[in-house]
Amino acid sequence: MAKTLDRRGAKRASQSKLSPQIKLFRPISWYDGTIARSVGEYVSHMLMELGRLGLDIDDIESRSRPPNRDTVLSDLVDWLSDHPGKAFAQLANWQTLDLAQIRSRLEQDRFAKPRIELSAHITKMNNLSVRWHPAGWRDTEFDWHRTDHGYFNLITHRKWSQPPDFHWFTGDEDPTFDSRPSNELMYIRGVGNLRPEPRGNYGPYAIYNTDVVDSILICAVRAAYEGLVKQLAHSFEVTVIDAFDFKVRDEVDDVDPPRYRREIHRVVAWSIEDAAELKARRERDEAAAQNERDRAEFAGVTETYGFTLEMFVAVLLHASSKKPSGPIPSREHINRNAARNLRNAGFSIDAGGVRRVRQLIERYSPKALPESLSPEEHGTY
């Protein structure tokens, strides 16, 4: 009898050491080529993966007390089915528009639309709240000396640098257990809990790859937000106050056969940033990256075409020489003549290539060109 108990005890101990089999969700790219995916594609991908792995939505969501509540997928499905709702109806209510102000703007621009702002932030409970306000709201100040008694009309509560396109606006109410602010267009719980950073170890009790799931869900949330902006832009002039910023890593899904494998642009980090600052930073980064590419292209001119910069400048000078009769050759004529002379000398280049090399020299080594070939002498391209 004792031996039987020992065998059972040993069996139970060995089972307790085994971690459950982790079910792997297949990742999905943030964008496919240059075209961003829609929120519906991400939600469909999640639902198909749940079915393939034999899981339910409840298996990847948490309904714990805030701020640990995480119901992103369920809330996205509900938002897709319920949108547009009461907040959108209030936004589109023409009775709240200042029709005289709109008429005045239409006289100056027949394509003018009512102007609004759209903002997004993560609440202290880690939920995403997207709200609209009349354009200019962010730059307003509270008017402590107002004389009207319109308690519910927030337009009269503020000092405006420019007249808004609405004469009546209510919103930003404190949420209750069964209601949300009347200007809230999107509310997704648990977004602040999403952590798409790659993990080397999921822990002994994990049943799925949480980092990949969070990566898919944050892509769906951003797609829903940006899709909302596009929808509103049909009827309103939308100023986006906040924007999502993604850090993307190219990965290869080993599940696919080798011949079908391709890089997946998976999100590994995210944040919500000031839209204007984010745009300016991206433009600076792109300009810096383009400058690096241009410098590399300039350094590789000889390797690309075979001639040295000195040879190139000499050919340009010869092509720019004025004939005894006839006008001074234009820049484009010089480019074509130089390309023809270089081809006759055995180099493969056309007028566009000559134009590009001249641009690089003028940018990175302007002293290599004589004054007769400077942009000031012949005008810009």
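Is Asp172 buried, partly exposed or exposed? Asp172 is partly exposed, with a relative accessible area of 30% (buried means under 20%, exposed over 50%, partly exposed in between, with a 1.4 Å probe and protein chains only). This is a predicted model, in which local features need pLDDT of at least 70, side-chain atom pairs count only at pLDDT 80 or more, and totals for chains, interfaces and linings use all residues. Residues are numbered from 1 along each chain as its sequence is written, and side-chain values use heavy atoms, with hydrogens and water left out.

**Positive phi**
- Asp172, in the loop between β6 and β7 (184-188), has a phi near 60°, a positive value in a residue other than glycine.
- Asn126 also has a positive phi, about 70°, and is not a glycine.
- The loop between β3 (115-122) and β4 (128-134) holds Asn126, which is partly exposed at 21% relative accessibility.
- Helices (H or I, at least four residues) and strands (E, at least two) are DSSP runs, numbered from the N terminus.

**Cis peptide bonds**
- Pro66 and Pro67 are joined by a cis peptide bond with omega of about 5°, and Pro67 lies in the loop between α2 and α3.
- Another cis bond runs from His83 to Pro84, with omega near -5°; Pro84 is in the loop between α3 and α4 (86-91).

**Helix packing**
- Helices α2 (residues 39-53) and α3 (residues 72-82) pack at about 130°, their axes 11 Å apart (axes are lines fitted to C-alpha atoms, for helices over the stretch in contact, and angles run from 0 to 180 degrees between N-to-C directions).

**Exposed loop residue**
- Phe152 sits in the loop between β5 (141-142) and β6 (158-159) and is exposed, at 60% relative accessible area.
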